[in-house]
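Biologist: I have a multi-chain model open and would like to learn how to read it. Could you walk me through its features, beginning with what counts as a helix?

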Amino acid sequence: MIESSWMILLLPFISFIGGILFLHKQPKLAAGFSILCNGAAMVMALILAVGFLSSDDTGYHALAHTWSYDWFAITDTLTVSIGALLDPISIMMLVVITVISTLVHTYSIGYMENDASAGRFFPLLSFFVFSMLGLVIAPTLVQMFVFWELVGVSSYMLIGFWYHKPSAVAASKKAFIITRFADAFFLTGIILMATQFGSIGFDAINQGATAFSSMNTANPSFSLEGGAVQVFTALAAQEGSAGFLGLNLLSWATILIFIGGWGKSAMFPLHVWLPDAMEGPTPVSSIIHSATMVVAGIYLTARLFPVFAVAEYTLSVVEFTGAITALFAAIIACTQRDIKRILAFSTLSQLGYMMFSLGVADMEHTAGFTASMFHVFTHAFFKCLLFLSAGLIIHSVHSNDIALMGGLRKKLKGTYFVTLLAVCAIAGVPFLFSGFWSKEEIIMAAWSNGHQCSAIIGLLVGGLTAFYMGRYFFLIFHGEYRGDAHHLEHAHENKFMLFPMVLLAIPTIIAGYPMLTGHTFFNTVIPQATLPTHPDHSASWIMPVAIAMAIGGLLVAWLKYGRRAVSFDTPSTNIVYRCISNKFYIDECYIFVTKKIIFRCVAAPMKLCDDYIVDGIIHSSAAIMRGCAAVIRHWQNGQTHVYLGLMIIGLALLAWFGGAL
Amino acid sequence: MNLTACLSLSAILFSFGIFGLMTRRKIIAMLLAIELMLNAALINCVAFAYYAPAGADTDVGSILPIFIVAITSAEMAVALAVIVAMYRKRKVIDIERLEDLHD
Amino acid sequence: MEATLTTDILFYLFSAAILGCGLMAVTVKNLLHSAIALMGCLFGTAGLFLLLDHEFVALMQILVYIGGVVIFIIYAVLLTTHLGTRYLPASTLKYISGVTLAAIVLGLVLHIDPQATHTAVNPDRTATTIDAIGYRLLDGSTNGFLIPFEVISVLLLSAMIGAATIAKHQKPGATNDEDETGGSAS
Amino acid sequence: MDTSTHQPVQQSVAERLDPHTATTPLGDWVRELCDAPDGGNLLSMTINVIIIIIAICAFSSLTAMVLVWMERKLAGRFQRRLGPTRTGPFGLLQTAADGLKLFLKEGFRPNASDPFTYYLAPLLPLTGAFMVLAVIPFGPSMWIADPELGLIFISAIAGLGVLALLIGSWGSNNKYSLMGGLRAGAQAISYEVSLILCFLLIVLASGETNLLNIVEGQQGNFWNWWIIKLPGAGFIAFIFFIITSTAELNRTPFDTTEAESELTGGFHTEYSGIAFSMFFLAEYVHMFIAAAIGATLFLGGYNAPFEFLPDGWWWLMAKSYAIIFLYIWFRWTFPRLRIDQLMALEWKFLLPLSLINLVFAGILIAMGWIL
């Protein structure tokens, strides 16, 4: 099964190629084909996961299986290979991606029912799945970067899927440019990593880093081989070196790599593309911009966790970024009116959770790492479910604005129910829902590892999350309908759309239970790291506080939005509220910086240089050529006679100069 | 009869071919001139084989002409088909009046 | 064949025929006449090949060149010209350039020709038999010509198909071109 | 692959027929005259050439006369009438009289015709006929030239016959002539392919391109003739040969070239007098040549049908005339094919079948399955 893991990758690719080449005129066939391929991939991924679970090996390294095939060699020792690295987190991601992709494909049948370009949609979606799977199983930084970019491209194509909408085109460009900007740093980091540490394979890097950290702390009992030795040596050499701007090269490399994940996971202040990316079709938002692609940054950080942990300051940057984003996005989410933007900001906030959770862990206390992966797992399902339900609501009332909704619980009963489950999950309603457990773990890990500030931010954000999700839920489903009654009459639940939502509701609830019961699933799939770790029981006060925050948030939301009718007629004049609802004017800042500063002071002089110096050289050389050609062109007038004459004269000249005459 | 005589003969024939190619206006006549030139080449081929030194592979003197002849006939078949098709369309086989073909 | 008076006389006869017919072929105005002159020239060449002991090449010359190519040319002449066709003379410039270029080539070749060594006939030489040709053509080793032979076969086939396709008279319904009347016999 | 049962004729003609022992009185006389045993002497060559020219001219004229008489007689018989009876016994001198009439007629050339091509055309067919006659072995020591590549020579020269028709038809400046000429060209080029495939089959079977060797290879009883010796394939090839040679001869049912009812005489519409008689003569000489080649290749040439009978030119004549009888029989019994039917017959029927037959014969020879 390990060796045939490439099949999982191949199936969505077949779906893409077949769909784009042959089926783009038959949307129904394309959909069926895509679902077939993705379903097969899902089955294979599940088989793979079950095989992993049932294997006797436990622990992080024992479970990492790699196969690879050499692609090209940069130096004698540095070979770029493509292949698969299968360890608990990649397998978990495989399962999550394939399950969600299959369900979203199914959902899309209903969602794209009346769309003329649906035949293009399914292949592109499969292409994304292919790229994402390739990213997840990448055993080297280079392969990860290749698929990283493919993921970016497919995201670009899907955000701009309705390319006739100017806003969609602008959003896709924005997403593309911002993530490319971050990827430039990522690539630099890879190059730095490759040159300084002589390795781009995750295995070698992580083993070397683990060995190094254990040498510093405990007994160095690792036997290393291959690239890991190089990494180890390089790390030892870096120890204590001054480096550049006060950071040593390892920190530089890891921070640069992290910036790639920063952009992809839309951490503050590179988050601006994600809310705009909601211009794409809702299934795209659900799979790409909430459940899978945006966690690529988290995944990258987790992938390189040992080396990040060894590097000075890197994890602090991670933690800081994550905490700021979580708080920042949660505050904005409280004020938004666009149904998908609320969810987008909530995604940002949850990504911030995952990020700072990674940041609070280190090689001795890996609870944060475990918690982060756990949250990735649970979040994927309930966030996907939230987006799917949002898509169904949009589909029904033909609007994105929650100001034009309300009272939909009567019309969309199924949706109401599953959305309630998902809202409870994300808000952290205790005991029954998966989100509670994973969030709990994160806050617990932060506190117990001495990052009290992050833990408190986590608690605060938990309350905010409960509040804005409650607001979201009550404004949509409770109260009176505020929109165009005409749409409400036709509102219904498409069975293709409802079915995957119902299926997703199952993991929304049960995905957190295994943690509670100590089931082996989580002991195995969520890496328990190298050294045994337990949450600090002294922090047992956290759970009641977190529960109180969640319930309190929901209660406030109920009091403010659920209990009585809400009016959106008069815009708030409160300056703080306006500032928040305009997303702290971050977009405007960007536009000011780019348009006013960069364009005017840098780009305009460059353009002058380009126009007059660079183009001038080209134009004058072209003019010279044209002048010469004006003379010669008459010799090539299509007359055989002239050609023959020239040929013979040339022959004679050749003979003359060649000395034959 | 010696090698130089044969070669001179073929050289003269070849120059006739070039003269024809230069002065003729009809495509068929130009093809004809090309035939002359190819024929001169054949004469060279055979003459060299006949006057080859001991140990040379003289079979090539017979085999190469076969290839030349075969390629020529293929070329002629296509060329003449093109001419006939062109004549049907435009009623012209004068090369100077077909100059617009290169546009 | 031994170089005797007979062969010398024959050689000069053939040469005269070749050159005379060759000159006619490129100067005579009437296309059919030049085609006939070309035929004479090719016949002379075939005779020359016989003198040079290359019987098979000579017969090839007659079979393919005269029997095939010249007939093709005559066919094309028949399809594209008629007795009333007016033959426009080439411009004086073309005549001058033609003569000049021909002279250049002739000068070049005649300058190089005498540099050929081994001008004597090898006394042990034997005429190439048709068996030898056949075996060489079907010899797949580096010494043989199997691949060129096969390539030539494919070339001939494709040329034949191509020629037939190009010259095929388009069905009246299938074409949007102007009415075509010429060449009804193909 | 068992090739032991079939070996190409190893013994060359030169070994079997020593020019010094196998002689003819005429040849002896010439050699005596020139005092040169070989043909290297210029005088001897000249005399030889003159004798050959006279012999061939005489033979062709005689053959043509006989064939024309034979055709007219047979045509009469096929049509239940007598044919010529008045001139000479059985009308034998009728042809001579016709010939005389043609020779004495006024040579007439259309005004708008091209004299060069118009007068060149009638000369060509007989030239070709003479060249082919030169290589046909009439008897064991009765031949003019014996080139190593006789069969290729025949196919090469046979291909030229169409030239005359093309040139003459164009030179006449008559649309019927031109149509006839173009048809003749298309027909001759097409059927030549099958004809050469028939030749190739014999080359494959005998391993020889020399006509004399081919004939010598069929010595013995009549089952050594290639028509029978190569079971099936030989007979099919012979039938194909008859069909294609009829087409090459432009005789009914393949006479679309002339097609009196359509083209008022085809390419020779504008010819009269001696020019016409040259075409006419050549047609009948060609007929004899085709028959002789058929007899040589398939029916053992000058070999007697049984070993105990003496070989000689009379056998070739008998076989040739038998085939000629077939040609005449065809002419007076089959209706004419349309030009498209004719082309379809060649390209869609004869050519593929000839190729298959060739492969079939190749298998037979390779497996040694010959009589």
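Modeller: Happy to. A helix here is a DSSP run of at least four residues, with numbering from the N terminus. By that rule, I36(C) is found in helix 2 of chain C. Keep in mind that this is a predicted model.

Biologist: Thanks! Is I36(C) buried or exposed?

Modeller: The cut-off for buried is under 20% relative accessible area. I36(C) has 7% relative accessibility, so the residue counts as buried.

Biologist: Which residues does I36(C) touch, leaving out those up to four places away in sequence?

Modeller: A contact needs heavy atoms within 4.5 Å. On that basis I36(C) touches F116(D), T117(D), L120(D) and I167(D).

Biologist: Let me zoom out to chain C. How many helices and strands are there in chain C?

Modeller: Chain C has 6 helices and 0 strands, and from the N terminus on its elements run α-α-α-α-α-α. Of its 186 residues, 44% count as buried. Its accessible surface comes to about 9500 Å², and 68% of that belongs to carbon and sulfur atoms.

Biologist: And what can I learn from sequence separation in the contacts of chain C?

Modeller: Take the contacts between residues at least 6 apart in sequence, then ask what share joins residues at least 24 apart; for chain C that share is 46%. For chain B, the corresponding value is 59%. For chain A, 79% of such contacts come from residues 24 or more positions apart.

Biologist: What does the secondary structure of chain B come to?

Modeller: Chain B has 3 helices and 0 strands, in the pattern α-α-α along the sequence. Buried residues make up 70% of its 103 residues. Chain B exposes about 3200 Å², with carbon and sulfur atoms supplying 65% of that area.

Biologist: How should I describe the size of an interface?

Modeller: The size of an interface is often given as the accessible area lost when the parts come together. Between chain B and chain C, the buried area is about 7300 Å², of which carbon and sulfur atoms give 74%. M1(B), Y50(B) and R88(B) supply 12% of what chain B buries against chain C, more than any other three residues. In terms of contacts, 73 residues of chain B meet 90 residues of chain C.

Biologist: Where is H54(C) found?

Modeller: H54(C) sits in the loop between helix 2 (31-51) and helix 3 (55-80) of chain C. With a relative accessible area of 2%, H54(C) is buried. Setting aside neighbours within four places in sequence, H54(C) is in contact with V46(B), A49(B), Y50(B), G61(B) and S62(B) in chain B, and with F49(C) and R125(C) in chain C.

Biologist: How many residues of chain A are in contact with chain B?

Modeller: 8 residues of chain A are in contact with 9 residues of chain B. The area buried between these chains is about 740 Å², and carbon and sulfur atoms give 67% of it. On the chain A side, Q639(A), H641(A) and L644(A) lose the most area to chain B, together 65% of what that side buries.

Biologist: What does chain A itself contain?

Modeller: Chain A has 27 helices and 2 strands. Of its 661 residues, 55% are buried, and the chain exposes about 27200 Å², with 69% supplied by carbon and sulfur atoms.

Biologist: How do I read the packing of helix 5 against helix 6 in chain A?

Modeller: Look at the axes. Those of helix 5 (residues 141-159) and helix 6 (residues 166-197) of chain A come within 9 Å and cross at roughly 175°. Angles over 145 degrees count as roughly antiparallel, so helix 5 of chain A and helix 6 of chain A are roughly antiparallel to each other. The residues of this contact divide into 15 nonpolar, 2 polar and 4 charged. Among them are F145(A) and W148(A) in helix 5 of chain A, and F176(A) and F186(A) in helix 6 of chain A.

Biologist: One more residue, please: where does Y353(A) lie?

Modeller: Y353(A) lies in helix 15 (residues 339-360) of chain A. Its relative accessible area is 0%, so Y353(A) is buried. Not counting residues up to four places away in sequence, Y353(A) touches A326(A), H375(A), K439(A), I442(A), G458(A), V461(A) and G462(A). Y353(A) and A455(A) are 102 residues apart in sequence, yet 9.9 Å apart in space, C-alpha to C-alpha.

Notes: Residues are numbered from 1 along each chain as its sequence is written. Chains are lettered from A and ligands numbered from 1 in the order in which they are written. This is a predicted model: local features need pLDDT of at least 70, side-chain atom pairs count only at pLDDT 80 or more; totals for chains, interfaces and linings use all residues. Side-chain values use heavy atoms; hydrogens and water are left out. Buried means under 20% relative accessible area, exposed over 50%, partly exposed in between (1.4 Å probe, protein chains only). Accessible areas come from the Shrake-Rupley method with a 1.4 Å probe; for residues, only the protein chains shown count as cover. Axes are lines fitted to C-alpha atoms, for helices over the stretch in contact, and angles run from 0 to 180 degrees between N-to-C directions. Angles under 35 degrees count as roughly parallel, over 145 as roughly antiparallel, 65 to 115 as roughly perpendicular and the rest as oblique. Ala, Val, Leu, Ile, Met, Phe, Trp, Tyr, Cys and Pro count as nonpolar, Asp, Glu, Lys and Arg as charged, and the others, Gly among them, as polar. Buried area is the accessible area (1.4 Å probe) that two parts lose on being put together, summed over both.
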